[in-house]
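Visitor: Please take me through one part closely, the ligand site. Then place it in the chain as a whole.

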Amino acid sequence: MAELMPVEAALAALLEGVLPLEAERIVCEAAAGRVLAEAVPATLDVPPFDNSAMDGYALHHADAGRVLPVAQRIAAGAPATPLPRGRCARIFTGGEIPPGADCVVMQEAVTVTPEGVAVPADMPAGNNVRRRGRDVTAGTPLLGAGQWLEAAALGHLAGQGITAVTVRRRPRVALLSTGDEIVAPGQPLGPGQIYNSNRPMLERLLARFGAEVVMTAAVPDSAEATRRLLGEAAEAADVVVTTGGVSVGEEDHVRPAVEALGRLDLWRLAMRPGKPLALGRLRREAGGEARFVGLPGNPVSSFVGAWLFLRPLVGALLDCPRLARLPEISARATFAAETGPRRHFMRVRLAFDDDGIVAHAFRDQNSAVLASCIEADALAVIPEHGRVREGERVRCLWLQLL
Ligand code: AMP
Ligand code: MG
């Protein structure tokens, strides 16, 4: 039997020579879940002017402790005029601090009299003032290349008045489901047949990773069909993903087809679930090549394989370090486990108790049981020839996007 390939070696081989995809310009409305291809500098101070953090009265701090007549009213969005000393301005949250004022007293702290507003003494300059440029200073970097655009980053871009950004093109993925027994939902199920759970599951995972599934196909268990569809997929996609058909059974046609169209790098991985995992490349007619990832047929194995391999691959194509790196979390195991030559990725649920984060393993870790993936928060990693005892800390891959 050939040596088992360590997970890291397989990943390194998969990522070798992967270059970031080209950049494209898109409107910010469409930028959620995309990755910046170039840094965005700040051109505006945010906030753009000193403004009030409270509803209250703006004044010069040296006038605190006196009764000050109200000289003007400044609502948010209204212009402010210079404030003479000995006066105050009625001001509302977000209102511009008028020239001449340097602090705000909140309205609950004053007494309004017919002569003016009695302001308490000892008001420091800057009190309740949100300084211009406190959030963002013009001329500094706003967001860096490789930034994944989520809610707050989109807000930050809008805060600069930016309407378009340069992002990486989304990786195009072809998803091929092998197996004569696989049937699409909506079709009747014949004897010996099962519905295709991998396809929607992987489509969703890939979409979350920022990729675009441009082709899906069911591949019958025949050498000819496998080869033809893999060829078509290589033309259409940056990454060709198959599920099933990568064992050594006589109905497993993926391996010879990939070898005929390009090359297959690896075969048996030191991991569980998902030992039969194939990584390779497929040549295109016009030159260039598509990356090939052959995931196992078992839905749990293909879920874990997608997390361990497709996510870093998509991360590399998008040049997004945070996506390429798998988030980790350390937890106290409430279970005991040990494993042989294959690293075990156990589906666990995370919880918090008085001592911190704990990992509860699902009882049935069989790779045919997809139900536990629904509730799993993380994959606890039991190293090759390693063990974890109850109460010990265990490294977990946290099934979080970022
Ligand atoms: P294979 O790697 O082709 O031998 O498949 C391994 C197991 O996974 C078999 O029991 C298949 O029926 C099952 N399987 C393969 N592809 C899928 C799929 N797309 N959805 C659900 N189960 C699958
Ligand atoms: Mg099969």
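Guide: Here is the ligand site, followed by the chain around it. This is a predicted model, in which local features need pLDDT of at least 70, side-chain atom pairs count only at pLDDT 80 or more, and totals for chains, interfaces and linings use all residues. Residues are numbered from 1 along each chain as its sequence is written, chains are lettered from A and ligands numbered from 1 in the order in which they are written, and side-chain values use heavy atoms, with hydrogens and water left out.

Start with the shell. Around ligand 1 stand E181, I182, I194, Y195, N196, S197, N198, G244, G245, G297, N298 and P299 (each has a heavy atom within 4 Å of the ligand). By class, the shell holds four nonpolar residues, seven polar and one charged (Ala, Val, Leu, Ile, Met, Phe, Trp, Tyr, Cys and Pro count as nonpolar, Asp, Glu, Lys and Arg as charged, the others, Gly among them, as polar).

Now the polar contacts (pairs of N or O atoms within 3.5 Å). E181 brings a polar side-chain atom to 2.6 Å from a ligand 1 oxygen. G297 uses its backbone: an N or O atom there is 3.2 Å from a nitrogen of ligand 1. Alone, ligand 1 would expose 490 Å², and the protein buries 75% of that (Shrake-Rupley areas, 1.4 Å probe).

Step back to the chain. Its secondary structure comprises eight helices and 29 strands (DSSP runs: helices are H or I, at least four residues; strands are E, at least two). The chain is more spread out than a compact globule, because its radius of gyration is 30 Å, well over the 21 Å from the globule rule for 402 residues (taken over C-alpha atoms; the rule is 2.2 Å times the number of residues to the power 0.38). Along the principal axes, the C-alpha atoms fill a box of roughly 95 × 55 × 40 Å.

Finally, some backbone details. Most peptide bonds are trans, and most residues other than glycine have a negative phi. V46 to P47 is a cis bond, omega near -5°. P47 sits in the loop between β2 (40–41) and β3 (51–52). R272 and P273 are also joined by a cis peptide bond, with omega about 0°. N128, not a glycine, has a positive phi of about 60°.

Note on methods:
Polar contact = N/O pair within 3.5 Å; in protein donor to acceptor, adjacent residues only side chain to side chain.
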